[in-house]
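I set down here what I looked up in this structure, entry by entry. The sequence and the coordinates come before my notes.

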Amino acid sequence: MARRKKSAPAEAELRELIVLPVRNMILFPGVALPLMVGRERSIRAIQAAMQQGQPVGLLLQTDGELESPGPEDLYRIGTVAEIVRYWPMSEDRHNAICQASERFQVVEFVQTDPYIVARVRVLEEDERGGRAIDARFRALRERAREVLELAPGAPEDLAQAVVGIESPNQLAYLVATFMDAPVEAKQELLETHDLKQRLDRLIRLLGDLKEVLELSNKIRQDTRGTLDKAQREYFLREQLRSIRRELGEEGELETELDDLRKRVEALPLPEGVRSLVERDLQRLGRTPEQSAEHPMLRTWVETVLELPWAQPERQRVDLRAAEAVLEEDHYGLERVKTRILEALAVRRRVPSGQGTILCLVGPPGVGKTSLGRSVARALGRPFARVALGGVHDEAEIRGHRRTYVGAMPGRILKAIQDAGAPDPVFVLDEVDKLGRGMHGDPSAALLEVLDPAQNGSFTDAYLGLPFDLSRVFFLATANVLSEIPGPLRDRMEVVELPGYTEGEKLEIARRHLWPEQLAAAGVGRGELQLRAAGLRALVRGYTREAGVRELARRLGALCRHAALRSSRGRKRSPLVIDGEEVLTQVLGPAPYDHEVRARAGAVGVATGLAWTPVGGEILFVEAASMPGKGELLITGHLGEVMRESARIAVTLARARAAELGLEEQPLEGLDLHLHVPQGAVPKDGPSAGTALTCALVSLLSGRAVRPDLAMTGEVSLRGQVLPVGGIKEKVLAALAAGIRTVVLPKRNLVDLDEVPDEARERLTFVGVERIEEVLELALQGKGRG
């Protein structure tokens, strides 16, 4: 303590050091070790230190994988090291022998280029003595000697050096240098100033290492005993083969059994699985070929051997490359791609972790399955897919017991077997179309497959062996969320894919669909040209879907027409698709004209918005009246919920005639007829309540409904407009149909965050809480009330 009081002030103890970042190693004071330098900034740093005749400061990186660490990526305590010898091996590989002398702590970094320079304070060593330190010193030396005796290949001079050291600090640093421990643990020892604490930590670490070495030696002895037993069995089997050869009984069966045994020995099977396979292999050898059990056993063994049991070494996920793959393969779907990248980021940090299983829900043709292929390409893994539509037998998932004739593994293991890897990207297609029959519930069988807590030991009924599915990257797809069984939906995180806007369809066609269809038909750009105006007319007049499958078929039809045209010898000029006229000549009249314009200004007709499994749709509600006794007729293949909405609309017109701008008793002496066209298509749901009420009030008041306005929302008896679902799909349908204003429940305005930017820019949205607000917005002119 007296020496510290006489020391210079803290500012006088500071010095500047050239910093050399190192990874995966710690050089303790008093120890000399070789150092390989390959990074450009590190080479400049060590050369500058050699020219100045100065030592370097070695600081450990917090992340060993960083190639260009900055000051924020380094620990603050390191060692001062003298460069004993330095020689370059090649342009990008230099070697040096460094000897550490003392510890230091960084006060501040003063330079980062062309190399790092830091102002540091040298740390004094704790040189206390006493009984407590001496007892720990002796315990550490004895524990180090025991570990060196157990460690295979430990140099003899190291044991002699441990015995000959008399300084507790030097012994601690020497033992820490050659101890097999994580580099973070060694950094903690370097940062520990208190000698007593440092010795205690080292004794604990050596105790753990001793237990590991003792267990390793025991395993080595047991393995040697097992190896001796295997050698004995090998010699006996060779003798048996020689006896059979002399007797003329050696045949092809024995050769095939030997091949199967070699394949079993070469596979990295879990111990429990290996014992069961070897048992059945012995049964196969004892079973006559003429027995019915022989082919069953052989097929089972070959199926087990064809499964990918070995876990391959995968590179860490490159998120930038994965993002580039997703952007290259899919236009739009930004939220979906972001969620997939989040899942990949978690896999990158925790490769063995059990991440969330994503379920992509959306209309057909929006790219759910192709997203799985892109994820497989981004991860560098095989792609596996199982179509579950119409599956109604539990054995399709779990497999059949091998006692049945024609038994085989379930679809899950069969797909993994075909993929050839235990960790493919696995797409479970159409989980909303699973059936359920007398042979069990396949959705219940999928619970074990998709549950991260259970799929580490998935047992197929045919194999009867546990197989690890925890490393499989599962993706599920569905069209209708409500059709997925509840327990199965609970195992997954739902990610919804909305339909594409017109602008997105144009870009997808330009980037992907058009080049693919040209190549599929073998048509060159000199034979067929598609202008922007022609493509827009094709999208507007010939497609009315959330996805792009119909658009791809229409583009394919254009390519086939051009191929036939060229084959007939009409090659003088290319076929140019530049508008509706040429499209009509090639594809016929456009099937989708804007029906909204055709019905413009009609009294008693309102435009509603509906959700369907294949995306959003517009629907027209028509109302008519005739002299009668007050009866209500409802047509259009409507479900019970939609019929109830029609009755509510009639009740509102009667009970609130004055508030709705109608004459008193507007329905007296009248029969009403409410109809929704496309009567062959079933329709149901509460969201047509506003359209039904608006059409009825329009009829009774004589005021036409705005043709550029569409609406959705449930209506209560008190005139409230209640929230509904499917807002994204309905908005996209309105955009495709040429609607300009969308009226929706005020509580649904929060759902507009999920609507594409193009739709939000081109449409006007009005949130309402009362039916009176809807009527004020929708009806034109003055009424009769």
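The entries below cover confidence, strand pairing, aromatic pairs and one glutamine.

**Entry 1: basis and confidence.** I worked from a predicted model, in which local features need pLDDT of at least 70 and side-chain atom pairs count only at pLDDT 80 or more, while totals for chains, interfaces and linings use all residues. Residues are numbered from 1 along each chain as its sequence is written, and side-chain values use heavy atoms, with hydrogens and water left out. I looked up pLDDT (the predictor's confidence in each residue, from 0 to 100): its mean over the protein chain is 83, and 91% of the residues reach 70 or more. Over residues 1-12 pLDDT stays under 50, and the model has five contacts (heavy atoms within 4.5 Å) beyond four places in sequence for that stretch. Where pLDDT is low, the predicted coordinates should not be read in detail.

**Entry 2: strands.** I took helices (H or I, at least four residues) and strands (E, at least two) as DSSP runs, numbered from the N terminus; two strands pair if DSSP finds at least two bridges between them. Strand 3 (residues 56-60) runs antiparallel to strand 4 (residues 77-90), with three bridges joining them. In this pairing I found Gly 57 opposite Val 80. Strand 4 also pairs with strand 5 (residues 93-111), again antiparallel, over twelve bridges. Here Ile 77 stands opposite Gln 105, and a hairpin of two residues connects strand 4 to strand 5.

**Entry 3: aromatic rings.** Rings of Phe, Tyr and Trp (its six-membered ring) pair if their centres lie within 6.5 Å; planes under 30 degrees apart count as stacked, over 60 as edge-to-face and the rest as tilted. Trp 309 and Phe 467 have ring centres 5.1 Å apart and planes at 65°, so I noted this pair as edge-to-face. Trp 309 lies in the loop between helix 10 (293-306) and helix 11 (319-329) and Phe 467 in strand 11 (residues 466-467), so the pair ties together parts 158 residues apart in sequence. Both Trp 309 and Phe 467 are buried (under 20% relative accessible area; exposed is over 50%, partly exposed in between; 1.4 Å probe, protein chains only).

**Entry 4: Gln 187.** Which residues does Gln 187 contact, leaving aside its neighbours within four places in sequence? I found Ile 26, Leu 60, Tyr 75 and Ile 77. Gln 187 is in helix 6 (residues 183-191) and counts as buried, at 2% relative accessibility.
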